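Welcome to this short tour! Please open your viewer and get ready to select residues by number.

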Amino acid sequence: MGFSATGETRTIAGLSCAVRTSSQMGTVCITDDLILLSQSMSMGPMSFERVATKVTRGTSGDSARYSVPTDVVISDVKLPTSPGGGIDIGALINGGLNGN
């Protein structure tokens, strides 16, 4: 069920994203920092598409909504990186954490 890179990039809502496809999950376009900008899928006679029209960074709302519960243990994780230095989305989606 993993996504495969298409090599295509798009600009949506002023942000660059990489297009990835999955036979079961359709097509998505995701930024280097994991913001989903578009998704489309077809299931028989039905299909849908959702596309971001505006992305505003730095206005995530009330910080209390994003606090980590006190019983959660946080471990250091090394995210896989691409040759350009960004997060390697393909490796991350396909389970490649800690440089694997």
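**First stop: a hairpin**

Select Ala 13, which takes a positive phi near 55° in the hairpin of β1 and β2, a hairpin with two residues between the strands. Strands (E, at least two residues) and helices (H or I, at least four) are DSSP runs, numbered from the N terminus. What you see is a predicted model, where local features need pLDDT of at least 70, side-chain atom pairs count only at pLDDT 80 or more, and totals for chains, interfaces and linings use all residues. Residues are numbered from 1 along each chain as its sequence is written, and side-chain values use heavy atoms, with hydrogens and water left out.

**The sheet**

Now colour the strands. Five strands form an open sheet in the order β1-β2-β3-β4-β5, with antiparallel pairing. β1 (4–12) and β5 stand at the edges with a single partner strand each, so one side of each is left without a neighbour in the sheet. On average, neighbouring strands of this sheet are turned by 15° against each other, direction ignored; axes here are lines fitted to C-alpha atoms, for helices over the stretch in contact, and angles run from 0 to 180 degrees between N-to-C directions.

Two strands pair if DSSP finds at least two bridges between them. How many bridges join β1 and β2? There are six, in the antiparallel sense. Select Arg 10 and look across to β2, where its bridge partner is Cys 17. At the other end of the strand order, β4 (residues 36–43) and β5 also pair in the antiparallel sense over six bridges. There, select Ser 40, whose bridge partner in β5 is Glu 49.

**The disulfide**

Cys 17 is in strand β2 (residues 15–22) and Cys 29 in strand β3 (residues 26–30), 12 residues apart, so the pair links distant parts of the chain. A disulfide is a covalent bond between the sulfur atoms of two cysteines. Taking a pair of cysteine sulfur atoms within 2.5 Å as a disulfide, the count comes to one. Viewed along the S-S bond, the link of Cys 17 and Cys 29 is right-handed, at 95°.

Is Cys 29 buried or exposed? Cys 29 is buried, because its relative accessible area is 0%, where buried means under 20%, exposed over 50% and partly exposed in between (1.4 Å probe, protein chains only). Cys 17 counts as buried too, at 2%.

**Two salt bridges**

A salt bridge is a side-chain nitrogen of Lys or Arg within 4 Å of a carboxyl oxygen of Asp or Glu, and by this rule there are two. For one of them, select Glu 8 with Arg 10, whose side chains meet at 3.0 Å, N to O. Glu 8 is partly exposed at 37%, and Arg 10 is partly exposed at 33%.

Next, select Asp 33 and Arg 57, which form a salt bridge with their closest N and O atoms 2.6 Å apart. This pair links distant parts of the chain, with Asp 33 in the loop between β3 and β4 and Arg 57 in the loop between β5 and α1, 24 residues apart.

**Last stop: the surface**

Finish with Ile 74, in the loop between β5 (46–51) and α1 (89–93). Ile 74 counts as exposed because its relative accessibility is 66%.
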